[in-house]
Amino acid sequence: MKADIRVALVGNPNTGKSTLFNVLTGLNQKIGNFPGVTVDKKVGYTTLPDGRVAEIIDLPGTYSIYPKSQDESIVFSVLADKHNAHTPDLVVIILDASNLKRNLLLYSQVADLKIPVVVALNMMDMAKKADIDIDVNLFAKKLGVPVVPISARKNEGTAALKNAISFANKFAFQEDSIDVSTIAPEMVEAIGRELNIDNPYLALQLAHQHETLKFLTPEQSDRIEELEKEFSFNDTVKKPVTAQGETHSNKIDKILTHKFFGFVIFFAILMFMFQAIFSWSSYPMELIGDAFVWVQDSLHHTLPPGPLTSLLVDGIIAGLSGVMVFIPQIAILFAFISILEDTGYMSRVTFMMDKLMRKVGLNGKSVVPLIGGFACAVPSIMGTRTIENWKDRMITIMVTPLVTCSARLPIYTLLIALVVPNRNVWWLFNMQGLALTGMYIFSLISAIVVAWVFKFILKGKERGYFIMELPVYRMPRWNNVIFSMYDRSKAFVFQAGKVIIAISIILWVLASYGPGDRFAKIDQKFSTPQYTQHMTADSLSRTISSAKLENSYAGVLGHAIEPVIRPLGFDWKIGIALITSFAAREVFVGTMATIYSVNGSAEKMQSVYQKMKEAKNPDTGQPVFTLAVAFSLMMFYAFAMQCASTVAIVFRETKNWRWPAIQFAYMTVLAYAAAFIAYVVLK
Amino acid sequence: MRLSQLEVGETGIVKEFTDLEMSVKLMEMGCLPGEEIRIERVAPLGDPIAINVAGYQLSLRKREAYTIVLQ
């Protein structure tokens, strides 16, 4: 869309900036990334009263333009760099009317950059409730800029704001809030002269920040450094005007962060979340799965059989289905996360858990991704963006896939059912249930131990501090909840989807082609009368696909890796399943079904179970799935990074192939070691 | 007297900071010299503390509170 004017939204965190952005742009927005950093770039469009189209860019919330994090330095770069693709014509600064004093620091900094400014005085309703009276006209007069009182949550005053945007000046008329000339007049003048900058405040900021700014050339930066030395000067910080505010959520905090009830309530909420992700998503997931099966079936019937049809149906569409089934879990987890953040509860969780999590190198905010990992690592890793500290975030990303996700559940239930007797101990505990619970607890412990190890390996770039606002409790904004469900699902489908589909296609090729004329021979063999006359069409086709899988490249690979996996107690059949479930763990059960030529009926799980139970080792005559093998296999799946979606999302979130590669490597090594130990101990 | 030495419910007035980097962050968030700070509560496990300053609540670790010198 072509825009006539570019407007940037700037404001402190928790001032309702995103709400205002959503109100102004509606669904007419897109989310990208600022180049080179993992900071979301939200751009949207709105039509002004005079018919012009305004491009609105939502900059990250910040307390000051003096940058201490990636988010904050983006704000200064966008505002100060005249050649940046996003440099705005106008800045709308959102100030929290209920806490004006603190918000004015950011205002004064932005205003002094001499970009035209309109002030949106948000949360007027909250301010009124708290008996804060602001004389808007006097305020506007003092600042020298238009001030529009709004209530973004209630959609009040936004029309007036659009009006103010359309009438905004092309030039900045605001009063200076700082007299830069008193700080370092000679240096500021020299920088301004040499870099051709006529705004003294911008020159001063460049002097402060030149080391971290990407838009300055090295020569410019060095020259600023020299000038700084030449006119050595002292730091000065300023502050203006007054107002007052009062929090009223103390009563809620007394309960929610209570020594005892605080934890009880937190665990209750987590349990509820976990249950919801599990149970609410199962129906839509089944629906999506069934819909894809239906599409695959009908395409198989309508399209002529051949490699192209098979590639489309069994490769691409099957891969697509593997991506789509995650949507319900992602949407539900993000609904919860955005409700918890919106209400202000998330910062209390951080507050309560910080000490505990810090001991193992994590952060109070790591709790939610880790627990979310019980459902699915993919949305949880996307959720680590709330962790500002780089090192804490990386460690959280690295260990989240260790937590038992829902894709491991079918594997565990199948294997536990095979080897653990279904009886009760101590009256009420079922042994199979205990084994499953054990796997869950084990995964959480291993995540914590690995996090603790990473704490010593990773070098933090920034100092870990924990100065954080505890915002007032509020009702969640349901619009935002829906936006975030939609955003995250979309980001996942489009960005992780590509990788997953690519890997699915490779696996399809491996599983449906074999070296030489092996496949032709199988077809030949099974077309002889001794098979066609003595077997039903159904069981014949199952036998054929089982034979083909064994002779496919995947089967050949399964045989090839047998020497490597034999110490773990695995045979080549399990090897094939390991390879095919490389992209998604849950494929294990399906592959087992194909290998043991089970038909794809409703009782698939039951029949796989029967076949695996009866499976005998041809050399020894002993059952293949002993206690040792089953637990070795479970240990393997507990640690191995058998999930293309996670690999893809880790890449997306870290912007560097090194991270998913390290993660993949360490998890595979752990998987092998744990499986080996389990096999040796239990054998 | 450091901020970390106050008990819950007690107040103090900010005098200065001992850590330059931390002080910038603190001042941006409203902890300016001359401001009154009240200890609102302590996290259940005893570390971060919640303070009330400039009309809103901040949470910070004890180690960070130690860098704030009170009058």
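This is a predicted model: local features need pLDDT of at least 70, side-chain atom pairs count only at pLDDT 80 or more; totals for chains, interfaces and linings use all residues.
Local features need pLDDT of at least 70 and side-chain atom pairs count only at pLDDT 80 or more, while totals for chains, interfaces and linings use all residues. Residues are numbered from 1 along each chain as its sequence is written, and chains are lettered from A in the order in which they are written.

**View 1. Elements of chain B.** Chain B has two helices and five strands, taken as DSSP runs (helices H or I, at least four residues; strands E, at least two). From the N terminus on, their order is β-α-β-β-β-α-β. Of the 71 residues, 46% are buried, that is, 20 or more other C-beta atoms, placed from the backbone, lie within 10 Å of the residue's own.

**View 2. Packing of H21(A) on H23(A).** Helix H21 (residues 518-526) and helix H23 (residues 537-551) of chain A pack at about 155°, their axes 10 Å apart; axes are lines fitted to C-alpha atoms over the stretch in contact, and angles run from 0 to 180 degrees between N-to-C directions. The angle therefore makes the two helices roughly antiparallel (over 145 degrees). Residues meeting here include A:Phe519 and A:Ile522 of H21(A) and A:Leu540 and A:Ile544 of H23(A).

**View 3. Contact of chain A with chain B.** Chain A contributes 31 residues and chain B 27, a contact being C-beta atoms, placed from the backbone, within 7 Å. On the side of chain A, H14(A) gives the most, with five residues.

**View 4. Strand pairing between the chains.** S10(A) and strand S4 (residues 56-60) of chain B run antiparallel, joined by three bridges; pairing requires at least two DSSP bridges. A:Leu470 has B:Gln57 as its bridge partner in S4(B).

Note on methods: A residue is buried if 20 or more other C-beta atoms lie within 10 Å of its own, exposed if 12 or fewer, and partly exposed in between; C-beta atoms are placed from the backbone. Angles under 35 degrees count as roughly parallel, over 145 as roughly antiparallel, 65 to 115 as roughly perpendicular and the rest as oblique. Two residues are in contact if their C-beta atoms, placed from the backbone, lie within 7 Å.
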